[in-house]
Amino acid sequence: MQVRRATIAKILAAVFVFNLIVMGGGAWLAYQSAPPIPDEVVGPDGATIVTGEQIRDGKKTFQQDGLMNHGSILGNGAYHGADYTADTLNLKVEYMRDYYARERHGSDYDALSSSEQAAIADVAEQDLDGQYEGGPIEYSAAEAYAHEQIRQEYVERYHEGDHERGVPVDMIDSEADARKFADFALWTAWFSHTDRPAGDHSYTNDWPYQPGAGNDATAAAMTWSVIAMVLLVAGAGGGVWLYKSIELPEPSTEGISVPEPGDVSVFPSQRAALRFIPVAAGLFLAQVLLGGLLAHFYIERAGFFGIEEIFGVHILQLLPFAMAKTWHIDLGILWIAATWLGAGLFLPPLLTGHEPKRQSTYVNGLLGAIVVVVVGGLAGIWLGAQGYIDGSLWWILGNEGLEYLEVGKLWQFGILAGFLIWAVLSVRGLKPLLDEEPKYGLAHMILYAGGSIALLFTAGFFFTPETNIAVTEFWRWWVVHMWVEGAFEFFIVAIVGMTLVSMNLLTRKSAEKAVMLQALLVMSTGVIGVSHHYWWIGMPDIWVPIGSVFSTLELIPLVFILYEALGQYRAMAGGGESFPYRLPFMFIIASGVWNFVGAGVLGFFINLPLINYYEHGTYLTVGHAHAAMFGAFGFLALGMVTYMLRIAIEPDRWDGTWLRYAFWCWNVGLALMVFVSVLPVGFLQLEAIFTGSYAAGRSVAFYNQPLVQDLFWARLPGDTLLILGTVIYAADIVRKRFVLRTTEDDPDIEDVAVAESVLGDD
């Protein structure tokens, strides 16, 4: 079946508009249906226990002190500490049972007989099984007692410090702020067990699992899990039919002239783009070192191989888990983004033979601006969390405190500005191609992909610390998930397509059709697929069926990306030992494989509603995140670095040995970390939650079990290989800086071996 590129482009535009309509409607529903913040919570005597202002102040404390990167809220955040929603709900049940046990039997709940315990447990559950009809929240005497006890426990834990839990002293600066944080966490627990008006389940679809509060998986979770499985089979069949029906030639080295690296001149702007590489390598090295520390914190929650006993200083106090986790996440995003930006500025001259005036100066300026934003953002996080930036500026200059969006708003504006400047420079570099190709051409697709990253990032500016946490999470996941499942995947296929064209392995028109088809599949599933993050955070019920369907279908485009990777492998193998780009291809192929494994297989497993209900916020998510983020996006970035260096280094000085060592260290290390340590811990957590409660699977007692501790130690070989690979890579980057080729001051199109085939009519 022959399908014109223009036809695919029109369908893609229609799908994009459809996505905006659905998600725009979802934004309206988010504000309409978010769990209410009451003016006050009152006790049985009418006395005020909590005000709405205290709950909002508690959310500010939660963000400013980085608590989302120590534990989680509504299942979202870090897994070192408790999930504050599940923890306060669990404590609430325990304290209410103790209250009724002493009131009715004059004894602690644990001292009662099994029949007495069952009766008390039923009373507490009935107490919590209410429906909100507006106005103040009315507590029973048992709830009021539990609330005050939890407040005090949170003061002791998060203000006074609890090294057994990995909580440093003064994590929250004052006792008053710790009490407000408890109020905020308890409010999320309240709407997790309180039914919506005219509903038969809570605002969170009865999440987290806590039988003592009457929370269990809803019928919808089971029903839509079954429907999702059926749709996966049907969707996979339809996707295969579509993909096989449209003729798309695979990359091939037969009958073509693959340009040798030495035959291609290096432009000044490309030399400037290469400077992104050592900056990104430094960020990458810092990230993996922090990752090793974070992994060890699960074994020694206040130490690091006993150094605190030698020097008398707890590393937890110097570098708390939350701070290390914050930097670890941000550095991961920054080094990958910096590499992609550099690659996006390196590739245009290969395609056009065009060097705009002063392009290299502007590229250097962009790199300088990125360095300022990185240093300012990371410093602001520490200063904000330590209380050095007070008043209204803490979330603007300091630490906004939301996972993946930790840096202050000013630095987020800097990142957005960086993407826009990059787009302008890309337009300048690609101008000859942009002028002669249609609006859906390859160069345009690169700009659309980069522009979509910047566009979706703006969703992070739609909330403030005062915004309801459910609405905040709605917009945060727009940024995080739509990057990963939409814009990043789009960018991957566009960059890979451009790279294959620059190697003469695909014609430009063939690459354009392949990129548009992949983008169509990604946009058709990944954007609305963000809704699986809305199941348990207080969003409307409509997201359960929508999220089930689209999250399941997200697997389909990832299968085809794997298929493309295998096609690229065949092209590489067919080129023989003389093929000069074997090493970059190895990284690109690895990216496709890990994308399928991490985002596809592991992502599909944890996104079935019934599994996700119990799994949400466990180590199974850790395995999915590491395999998808580093495996898919990290390996692509490293492949682009290898391709750039292969062209930019003197041909007789090229040596890919160290990069090959790093490649295998990373692959083996990631496989060991994910499959030997992280996933087994996740499955044990899943069992603990099934047989107990969600809070039990996230407790310190679970993590301290001997088998779980052994599995944490089993992560050491994999982490060591990842660190070793990064050290080798960083050292090789420094080594290769001294063997770069000289640039041509004013190269023309004849100097660029690939440009003629790209600009010609294929």
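Which residues does Y534 touch, not counting residues up to four places away in sequence?

Modeller: Happy to! This is a predicted model, where local features need pLDDT of at least 70 and side-chain atom pairs count only at pLDDT 80 or more, while totals for chains, interfaces and linings use all residues. Residues are numbered from 1 along each chain as its sequence is written, and side-chain values use heavy atoms, with hydrogens and water left out.

Leaving out residues up to four places away in sequence, Y534 touches M23, E473, F474, W477, W478, M539 and W543; contact means heavy atoms within 4.5 Å. Y534 also belongs to the largest nonpolar core, which has 240 residues, and is listed with W666 and Y729 as having the most contacts inside it. A nonpolar core is a set of buried Ala, Val, Leu, Ile, Met, Phe, Trp, Tyr and Cys residues joined through side-chain atoms within 4.5 Å. Buried means under 20% relative accessible area, exposed over 50%, and partly exposed in between, using a 1.4 Å probe and protein chains only. Helix α18 (residues 469-502) gives this core its largest share, 23 residues. Helices here are DSSP runs of H or I with at least four residues, numbered from the N terminus.

A second, separate core has six residues, including A228, L555, L608 and I611.

Now look at N612, which lies in helix α23 (residues 609-615). N612 counts as buried because its relative accessible area is 6%. Among the residues that N612 touches beyond four places in sequence are W535 and W536. The C-alpha atoms of N612 and L686 are 9.9 Å apart, although 74 residues separate them along the chain.

Terms used. Helix = DSSP H or I, 4+ residues; strand = E, 2+ residues; numbered from the N terminus.
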